[in-house]
Amino acid sequence: MRIKAKEIAQELGLSEATVSLALNNRPGVNANTKKRILECVRAKQEKELKNFETQEKSIQGKVIMLNYVKNGIIMKRSQDRHPVIETIKEIVERCGYSFEYRLFQEQFEHVENLIAECREKDVKGIYIMAAEMGKSDIYPFLELQIPIVTGDNLFYEEGINSFLIDNREGIRRGVDYLIDKGHSRIVYLAEDIDIFNFLERREAFVLEMAKRECGDASNRIRHLGSNVEEAAFSMGKYLDEGMRGVTAFILESSVISMGVIKALLERNVRIPRDISLLGFDAVAPVELPGFELTLIKGTHTKRHIAAVKHLLRYMEDENEEIMRVYYKTRFSEGETVFDKTKYIYE
C-alpha cells in the first residue's frame, strides 16, 4: 500500500506541501525536517513489510491444541477454556501459523473424522493434552505424519515428544516429608479412574514407602470415587470402619482433597491433630475455607507454553531431538500435617 503524504504530515505535525516536497526531493525543506520525514516513511514501510510477511506466513497451515477427552471426567472439572490458550494463540500466530483449540470427546465423536478434519484444515502440528488417552489412542494421529507433542502422557516409544509433571519426584517429596514428621502409617487415597498421572503417583507411592522401609504399601491405596460427593461418601464409610492406626493420608487430586476434608469435618475429625493430610495438585482456597492444605503442586501453565514452543521448533526442523521433559513439582507447606517428632499425643 502506498504511503500517503497526508498521513506523514498528520503524524509529524507538518503541512502536506512540506512532506510532498521532501518525498519528491525538491528544494524548500530544511535538512532536519527532511530527515524526520524520510525516517517516518522508512519506519512505515518496514512495518507494512513485516505485516505483509506475517500475512504470507499465515498460509503455511494450522497448529491445533487438542484436548482429548476419553471419559469426560477430567473435562467436567474445567468447562472453561484453559487460561493459557490466548497466550499460546499469540505465540503460534507470531510464527506464521493459524491456531485452533479443539475439544475432542471420544464418547461422541469418531477419531477418523478428526483425522480427516486435520487433513482438510492443513494442520501442520498438534499439541495434545493427553491425560485421558490410552496407549493405542495415539496411533491414528501418527497417520498424519506431522509433528506431535503431548502433555500429561508418555508415548516415547512412538517417537512423540512429551511434557510431563514429575509425579515420582512429587510423591517422593511428599512421602519423605510425612515420614520425617514422624508418620509411617500412611494411606494413599485415590480416584477411581486410571489416567497416566494418577497411575504414576500410585506406583511412586508404593516404591517410596518401600525405600523408607515402611513395608508393602500396595494394600494402602484406597479408591474413593471420581467426584467430590463420591469421595466424601466413600471416605465416610472408611472412617466408620476405623482407620486402624493410620495417621496420615496422601490425597491423589484436588477432587479427593475436597471430598476427604468434607467427610472429616462432618465427623468432627481434627485436622491435623487426629489425621494429617498432604494433597497433590492445587486446590482453590475458596474450596477449603479455613484450611491451608499442605500441597505438592504440579506445573501446568509454563509446561503447556513450553510444549507448544517446542512443537513449533520441531515443525521447522524435524531433526530436533525427541524429548521427554519432566517439570519438577513445588512444595507448599500448609497447616494440615502434624509434627509427631515434636509433640506427644494425649
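Guide: What follows describes that core and the elements around it. This is a predicted model, in which local features need pLDDT of at least 70 and side-chain atom pairs count only at pLDDT 80 or more, while totals for chains, interfaces and linings use all residues. Residues are numbered from 1 along each chain as its sequence is written, and side-chain values use heavy atoms, with hydrogens and water left out.

A nonpolar core is a set of buried Ala, Val, Leu, Ile, Met, Phe, Trp, Tyr and Cys residues joined through side-chain atoms within 4.5 Å; buried means under 20% relative accessible area, exposed over 50%, and partly exposed in between, with a 1.4 Å probe and protein chains only. The largest such core has 24 residues, and Leu 189, Met 235, Phe 249, Val 260, Leu 264, Ile 275 and Leu 277 touch the most other members. Two or more residues each come from strand E6 (186-191), helix H10 (228-241), strand E8 (248-251) and helix H11 (254-266). Helices (H or I, at least four residues) and strands (E, at least two) are DSSP runs, numbered from the N terminus. H11 gives the largest share, 6 residues.

Take Leu 264: leaving aside residues up to four places away in sequence, Leu 264 touches Met 235, Leu 239, Val 269, Ile 271, Ile 275 and Leu 277. Contact here means heavy atoms within 4.5 Å. Another core, of 22 residues, lies apart from this one and includes Met 65, Ile 91, Tyr 97 and Val 325. In the protein, buried residues make up 48% of the 346 residues. In soluble globular proteins, nonpolar side chains tend to be buried together.
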